[in-house]
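Hi there,

Here is the structure I promised to pass on to you. Have a look at it first, and then read on for what turned up in it.

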Amino acid sequence: MGAALLDGITEASRRAIEARLEPGESLIALLATDLDERLHFRESVLALTNRRLLTTGASGAEGEPRAWPLERIVSLKTRDRGGLGALEALSESERLGQWFYTVGRARPAVELVQAFEALRSGAPVVRPESSEDSEIPEAEPHEAAAHVGSLLRLQRFARRHLGALFLGVVLTMATTAAGLVPPYLTWPLVDEILAPYQSRVEEIRSDARLSSEQRSEALQRVREEARGPFGRVPTYLLAMAVAALAAWALGWAQGWVLARLSERISADLRNTTYQHLQKLSLDFFSAKRTGDLVSRISSDTDRLCSFLSDSLTDFVTDVLMIVSTGAMLFYMDPVLAAATLGTFPAVAWLTYYLRERLSHGFLHGSRAWGEMTSILADTIPGIRVVKAFAQEQREADRFRAANDAIIAANDRVNRVWTFFWPMVMLFNQVGLLVAWAFGAWRVHDQRMTVGVLTAFLAYIARFYSRLESMTRMAGGTQRAAAAAQRIFEILDRAPSVPEPARPIHPGRLRGDIELRDVHFRYGARQVMEGVSLSIRAGEMIGLVGTTGAGKSTLVNLVCRFYDVSEGSLLVDGTDLRAFPVSEYRRNIGIVLQDPFLFYGTLADNIAYGRPDATREEIIAAARAARAHDFILQLPDGYDSIVGERGQTLSGGERQRISIARAILIDPRILILDEATSAVDTQTERQIQEALDNLVRGRTTIAIAHRLSTLRKADRIVVLEHGRIIESGNHEELLAVEGAYAKLCRAQMSPVREVIAEDAAGELKLTGT
């Protein structure tokens, strides 16, 4: 069966493999490895056929092609540890070959092993159709042009304000209607009053048969006769003034109503986006930068607010004015209207043609802003590290580069934009010239009166001014569409930890935890394999192991920050996935190695999990956490303001506030993640006393590299490469001389060396 090409396999490599195939031999699976035996980057290809295992350069073979008959290979095994993958080919007596690869090649490696096992068992070989079901964290999608249709999706937020929306539409139509009145009144004013009077006067003045006295008398009679028609002039002027005032008043009311509406729609959008962001799982945040998310919720929603309050209001008004003005033009003179509006299709085509380029430009600009905001979000909280390593200039250069990217993106947009709207103005001027030329010709042929031409020119001037205004909005519209697309990228993301379809409400849990054959993958990296563990309610379990052994993964699964890939995790006998996420997590307290405190008072931080807690309850929790004494020494006690991320407190003080926060919610399940690893011995003793109060009567899972902190644990579980290799109490594990005993000796050896060096130093100083 033919094998599909995989990422990393070049056509030349594939041809090299195919050239080595024997008659009747066919490819089954291909794997492109990218590391050699020294873990340096080097490409090679491993091919499985229906007869042999071939390679273009087995690790350790100096790049020479190798081949092994399938009959000689007993097994193919993959190992995936800390982002490094390895595949081994074993015979009955030796290892035939070993190949290394990075995590991105893990899935093809697994597929090759599965294909080999299928060949050995005689089962049909079925390659997966795609790898879409893998749990690789989602990459940033390719930037497609922002479509204006993204703005139409905002209607779901407008439905909540239908009354204000309807009033805004009515006011917009009324404003447009009032704006059409003044040009229309110029028609009778010119044709019925001004033009006849001017014609009579010019006729008398040009009559050579009249003497000066006769001419004066005739002009006087014309003036007296014109008093009647001219008496209507104040009426027309008053009507124009009333229409202008009405248009102003209605426009003010329309602007006020729609501005309030846009603010509320934008606020709803921000609230909905932030609320949805809170529901998303941790894997979403691990693939996004904080500054980019902040930019989407703040800057992008602000752009939408400006668009809704200003551009959209003007756009609707312009559309209504253009449509109604166009109707009036065709009503007054269809032939002249058709000739005058001949440039309109060219403007429409130019707008459509340049729309996608503007969209790409604004989307690039938005992402460049997000990148710059991300740099700020990184460097401002980490300013101490920046200064400690004297990297101020480097960070300034990085910010300047991000700022230059914004300039470059905006320059690309401006090149298009500065060509676009002057071209629209040129088309509009051409249309106006056509109106004058064609209108003058029709007046000359007496097919149109001067009054009609005057009103027509007034309308056509409004038509083109509104058209020009609309085209100027094209930039704002595309910018808003890009902002809407970036926001809906968040709203369209579904949590990877879903709420149950038929929830079981946990209430107050006992705290029994059971893991049954649990497997878990971070993307393509296998982190946990076949873990089974039962924890009784009230039992304290210590998790130990080297970095990457799976300790944090286990507690993340217990907290349901992620769901298991295979197997099940039960709490009080119920699958964890059956509980509503927020209800279940109310039973969990967490104390992290690096506790996070929010800007606010100490009392607010302690009561974060229970905002309704009384001051007495807060103080009691602080006493139990051994935090009460140092809090009283602060100028404002419990009302002292904690700096951002708790920077005004020491590490031990932050840790005790974190413990008080966990004590206050009275959790049934407690997670301690390296709670004492970053403090001195005296502070550790104080924190340990606080933890003793916290763990009492609660199911506790404690992670610790400092093994002395786990001596009071009921059981210690040793993890290695995502599997449980030992379990028992401290004394039992020391007795078996296994991995735990080695870890203990490794930690004690440096201490003995220090004591010995100190003792030797004292002997030298005393001369003994």
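This is a predicted model: local features need pLDDT of at least 70, side-chain atom pairs count only at pLDDT 80 or more; totals for chains, interfaces and linings use all residues.

Is valine 169 buried, partly exposed or exposed? Its relative accessible area is 41%, and because partly exposed covers the range between under 20% (buried) and over 50% (exposed), valine 169 counts as partly exposed. Together with Leu162, Leu165 and Met173, Val169 makes a nonpolar surface patch of about 350 Å².

Next, move along to the sheet. Four strands form an open sheet in the order E9-E8-E11-E12, and their pairing is antiparallel. The edges are taken by strand E9 (525-535) and strand E12 (574-575); each has a single partner strand, so one side of each has no neighbour in the sheet. Helix H15 (residues 551-558) packs on this sheet, where it touches E8, E9 and strand E11 (566-571). The direction of H15 makes about 115° with that of E8.

How many bridges join E8 to E9? There are seven between strand E8 (residues 513-522) and E9, and the two run antiparallel. Tyrosine 522 stands opposite arginine 525 in E9.

Finally, the whole chain. The protein chain has 23 helices and 19 strands. Of its 768 residues, 46% are buried. Among contacts with a separation of 6 or more, 72% come from residues 24 or more positions apart. The chain exposes about 39500 Å², with 56% of that supplied by carbon and sulfur atoms.

Enjoy exploring!

Methods:
Residues are numbered from 1 along each chain as its sequence is written. Side-chain values use heavy atoms; hydrogens and water are left out. Two strands pair if DSSP finds at least two bridges between them. Contact means heavy atoms within 4.5 Å. Axes are lines fitted to C-alpha atoms, for helices over the stretch in contact, and angles run from 0 to 180 degrees between N-to-C directions. Patches are made of residues with over 30% relative accessible area and no salt bridge: like charges are joined within 9 Å, nonpolar side chains (Val, Leu, Ile, Met, Phe, Trp, Tyr) within 5 Å. Accessible areas come from the Shrake-Rupley method with a 1.4 Å probe; for residues, only the protein chains shown count as cover. A salt bridge is a side-chain nitrogen of Lys or Arg within 4 Å of a carboxyl oxygen of Asp or Glu. Buried means under 20% relative accessible area, exposed over 50%, partly exposed in between (1.4 Å probe, protein chains only).
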